[in-house]
Amino acid sequence: MFDAVSNKLYEVIRKIKGTGVISEKNIEDALKEIRMSLLEADVNYKVVKSFIETVKQKALGEDVLKSLSPGQQFIKIVHDELVSFLGDTNTGIDISNRPVLILLIGLQGSGKTTTAAKLANYLKTEKKLDRILLVGADTYRPAAKEQLEKLSKTVNVSFYTEPHNDAVKIAVNGYKELETKVYDAVIFDTAGRLHIDEDMIDELKKMKQAIPFKEIFLVADSMLGQESVNVAKNFNEALGITGLILTKIDGDARGGAALSMKHTANVPIKFMGTGEKTDKLELFHPDRIASRILGMGDVVSLVEKVSQNINIEQAKKTEEKFRKNTFNLDDFLEQMQQMKKMGPMEDIMKMLPGAQKMGLSNVKMDDKEMKHTEAIILSMTKRERNHPEIIDTSRKARIAKGSGVKTENVSRLLKQFAQVKKMMKSMGRRRHGMGGGFPGMPGMPF
Ligand SMILES: Nc1nc2c(ncn2[C@@H]2O[C@H](COP(=O)(O)OP(=O)(O)OP(=O)(O)O)[C@@H](O)[C@H]2O)c(=O)[nH]1
Ligand SMILES: [Mg+2]
């Protein structure tokens with residue numbers, strides 16, 4: 001559902017990444033665009049304002065402007081802010097005190113009944129709770145109880161209801177089941193209305209008075225527009241919610257308003273519904289969602305890894321070599337070893353911004369092939385490494401033998417090296433500074 005905002009932000013990021021130097025002016029420009037895209041995604045304007053302010057303050061700090069790759073640093077700031085905006089960490093449901101009593105509330109059709117079954121399934125499969133009871137306390141919609149009963153069978157948990165229209169009584173009697181039976185969790189499904197009204201709130205308040213709920217989750221359709229902020233506010237003021245569950249995020253909603261609800265109610269987003277089936281419930285991970293919104297893989301970890309492992313001076317020297325076209329196979333090897341320090345190639349690829357967009361996140365990087373490359377280069381003489389063009393057939397055979405690979409492998413490596421060199425030469429001509437790339441990673445040989 002975050003596609004629209006994601007595409008926009010991706011553009012902003014692409015632009016700022018390409019700039020070697022970050023100035024106040026281009027930070028302002030980027031922020032303006034981020035602001036627009038968040039507003040277009042229906043994020044509440046007050047929330048947008050505070051978000052932008054924070055990013056701006058951090059982005060204009062000394063460290064960013066002077067850092068090795070200011071573009072990347074800026075993205076990291078936006079990302080980190082987005083994570084904290086989405087709620088930092090999420091621990092799901094605390095099951096240490098049982099029975100866990102959960103009340104589900106929300107507008108009509110928001111997904112409460114489906115979510116009740118999904119939560120039961122989650123507690124069963126993820127939290128290993130066996131004894132779960134679903135209580136059907138929706139007396140407004142004719143088939144509501146039957147719907148929940150059917151779902152309870154699908155996920156194989158117990159079900160309780162009564163054939164009358166007093167929802168509070170059903171809930172209370174459902175709770176009283178605990179006097180004679182043991183349950184690890186009881187989930188109460190309630191009626192929804194088109195709008196929040198007195199009767200509805202009254203009914204829920206009475207339930208809350210009678211039953212010591214551990215969690216009161218507001219189930220909200222992520223397609224709800226700006227109105228969602230009021231919904232969150234009213235429900236929270238009346239009942240004190242403990243968390244949000246966003247449903248239908250598999251739809252094409254812009255999602256921004258739903259995210260603003262978190263701020264209005266100041267409670268965490270606990271789960272998201274990603275489909276109609278009972279197993280389509282995911283714990284809400286702010287960091288992953290932020291990365292998804294920014295369409296950039298796990299940039300944070302990548303920037304951290306790069307700054308931990310890359311020697312800035314070294315990276316500058318390498319770039320110099322590219323520009324002067326004196327980059328040789330020794331440098332190539334060194335680049336590769338530097339990259340190896342950062343972990344398996346596959347992991348690095350997954351973290352690369354835009355890799356997902358380019359369909360590269362699933363590319364399998366062969367660490368074995370990297371070992372071969374290393375062995376091949378180490379079997380060359382100093383002169384061969386400096387002047388690979390002298391490597392003829394007999395030299396190739398010797399190198400292959402020395403490194404335990406086939407002659408074709410040697411030929412392939414030499415070809416790759418020539419290509420990288422050519423590519424780097426043309427890139428070196430086009431841009432100065434290192435704003436756009438990852439320092440120390442220019443070789444990306446495979
Ligand atoms: N695609 C998708 N559909 C969902 C999701 N959650 C619920 N639905 C669908 O949304 C519709 C309404 O879901 P319900 O669970 O009946 O909603 P409710 O809040 O209990 O509705 P009322 O009891 O009438 O207020 C159903 O058709 C569900 O299958 C979701 O995460 N993704
Ligand atoms: Mg329902």
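Is lysine 128 buried or exposed?

Tutor: Lysine 128 is exposed, because its relative accessible area is 62%, the cut-offs being under 20% for buried, over 50% for exposed and partly exposed in between, with a 1.4 Å probe and protein chains only. The model is a predicted one, in which local features need pLDDT of at least 70 and side-chain atom pairs count only at pLDDT 80 or more, while totals for chains, interfaces and linings use all residues. Residues are numbered from 1 along each chain as its sequence is written, chains are lettered from A and ligands numbered from 1 in the order in which they are written, and side-chain values use heavy atoms, with hydrogens and water left out.

Lysine 128 sits in the loop between H6 and strand E2 (132-137); helices (H or I, at least four residues) and strands (E, at least two) are DSSP runs numbered from the N terminus. Although not a glycine, lysine 128 has a positive phi of about 60°. Lysine 248 likewise has a positive phi of about 60° without being a glycine, and lies in the loop between E6 and helix H11 (256-265). Lysine 248 is partly exposed, because its relative accessible area is 30%.

Glycine 111 places a polar backbone atom 2.8 Å from an oxygen atom of ligand 1, a polar contact being a pair of N or O atoms within 3.5 Å. A backbone N or O atom of glycine 275 is 3.3 Å from a ligand oxygen, and a polar side-chain atom of glutamate 276 is 2.9 Å from one. Of the 650 Å² of accessible area that ligand 1 has on its own, the protein covers 82%, by the Shrake-Rupley method with a 1.4 Å probe.

Glycine 111 also touches threonine 247, whose contacts beyond four places in sequence include Ser110, Thr115, Asp221 and Gly273 as well; contact means heavy atoms within 4.5 Å. Threonine 247 belongs to strand E6 (residues 243-247) and counts as buried because its relative accessibility is 4%.

Elsewhere, leucine 204 in helix H9 (residues 198-210) counts as buried because its relative accessibility is 1%. Beyond four places in sequence, leucine 204 is in contact with Ile105, Thr190, Phe235 and Leu239. A cis peptide bond, with omega about 0°, joins arginine 98 and proline 99.

Across the protein chain there are 20 helices and eight strands, and 52% of the 446 residues are buried. The average pLDDT, the predictor's confidence in each residue from 0 to 100, is 81, and 75% of the residues score at least 70. Over residues 353-365 the pLDDT is below 50, and this stretch has 26 contacts beyond near neighbours in sequence. Over residues 430-446 the pLDDT is also below 50, with 53 such contacts in the model.

Technical notes. A polar contact is a pair of N or O atoms within 3.5 Å; within protein, one must be able to donate a hydrogen and the other to accept it, and residues adjacent in sequence count only if both atoms are side-chain atoms.
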